[in-house]
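Please read the briefing below beside the sequence and the coordinates.

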Amino acid sequence: MSPVIVDNDTLSITFTEGDTGTAVVTFSGVGLAVDNTPQEEFVKTMQGARHAQFFVVDKVRSWYNATATDIIAHLSPILARYKKVVTLGNSMGGFGAAYFASRLPNCSAAIAFVPQFSVNSVIVPRETRWREYRSRIETW
């Protein structure tokens, strides 16, 4: 079990120590649910890496709308200690990787696989996936 930075009803951030000046921050996508909660992604991919690893889970699948302020507040002071920060995510997590790359200190790259750039019906009116989650997003 990774050490916990925060774990509440909407957000979970865990980490593993590294021995380089680089941190990789991964953002979960909408899937991979256990008990209807998204899980940390890229854990096996990152296994054995020497860099510090941070795993961010938006438990309410808000495309990080409900959790952005808390993510920045929790991670910024920690990531300021690293020389290089990279964000990583897939789909909803890809959106998170792209979105937070300019909001987290020392971030020099974002790796975003098929980022879901928006689920706001004003921006993408024909989007029919994830209605259950999108309908709960109160603030965009």
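Contact is taken here to mean heavy atoms within 4.5 Å. This is a predicted model, in which local features need pLDDT of at least 70 and side-chain atom pairs count only at pLDDT 80 or more, while totals for chains, interfaces and linings use all residues. Residues are numbered from 1 along each chain as its sequence is written, and side-chain values use heavy atoms, with hydrogens and water left out.

**Overall fold**

- The protein chain contains 4 helices and 8 strands, where helices (H or I, at least four residues) and strands (E, at least two) are DSSP runs numbered from the N terminus.
- Along the sequence, these elements of the protein chain follow the pattern β-β-β-β-β-α-β-α-β-α-β-α.
- Of the 140 residues in the protein chain, 45% are buried; buried means under 20% relative accessible area, exposed over 50%, and partly exposed in between (1.4 Å probe, protein chains only).
- Among contacts in the protein chain with a separation of 6 or more, 64% are between residues 24 or more positions apart.

- In soluble globular proteins, nonpolar side chains tend to be buried together.
- When its neighbours within four places in sequence are set aside, Val 56 is in contact with Leu 11, Ser 12, Ile 13, Val 25, Thr 26, Phe 27, Ser 28, Tyr 64, Ile 71 and Leu 75.

**Strand 2 and its partners**

- Strand 2 is largely enclosed by the rest of the structure, because 5 of its 6 residues are buried.
- Strand 1 (residues 4–7) runs antiparallel to strand 2 and is joined to it by 3 bridges, with pairing requiring that DSSP finds at least two bridges between two strands.
- Strand 1 and strand 2 form a hairpin with 3 residues between them, and Val 6 has Ile 13 as its bridge partner in strand 2.
- Strand 2 and strand 6 are also antiparallel, joined by 6 bridges, and Thr 16 stands opposite Gln 53 in strand 6.

**Salt bridges**

- The whole structure holds 2 salt bridges, each defined as a side-chain nitrogen of Lys or Arg within 4 Å of a carboxyl oxygen of Asp or Glu.
- One of them joins the side chains of Asp 7 and Lys 59 (2.4 Å, N to O), linking distant parts of the chain, with Asp 7 in strand 1 and Lys 59 in the loop between strand 6 and helix 2, 52 residues apart.
- Arg 50 and Asp 19 also meet through their side chains in a salt bridge (3.1 Å, N to O).
- Arg 50 lies in the loop between helix 1 (43–46) and strand 6 and Asp 19 in the loop between strand 2 and strand 3, so this pair ties together parts that are 31 residues apart in sequence.
- Arg 50 is exposed at a relative accessible area of 52%, and Asp 19 counts as exposed at 53%.

**Surface**

- The accessible surface of the protein chain is about 7,600 Å², with 52% belonging to carbon and sulfur atoms; accessible areas come from the Shrake-Rupley method with a 1.4 Å probe, and for residues only the protein chains shown count as cover.
- Val 114, in the loop between strand 8 (107–113) and helix 4 (131–134), is exposed, with a relative accessible area of 63%.
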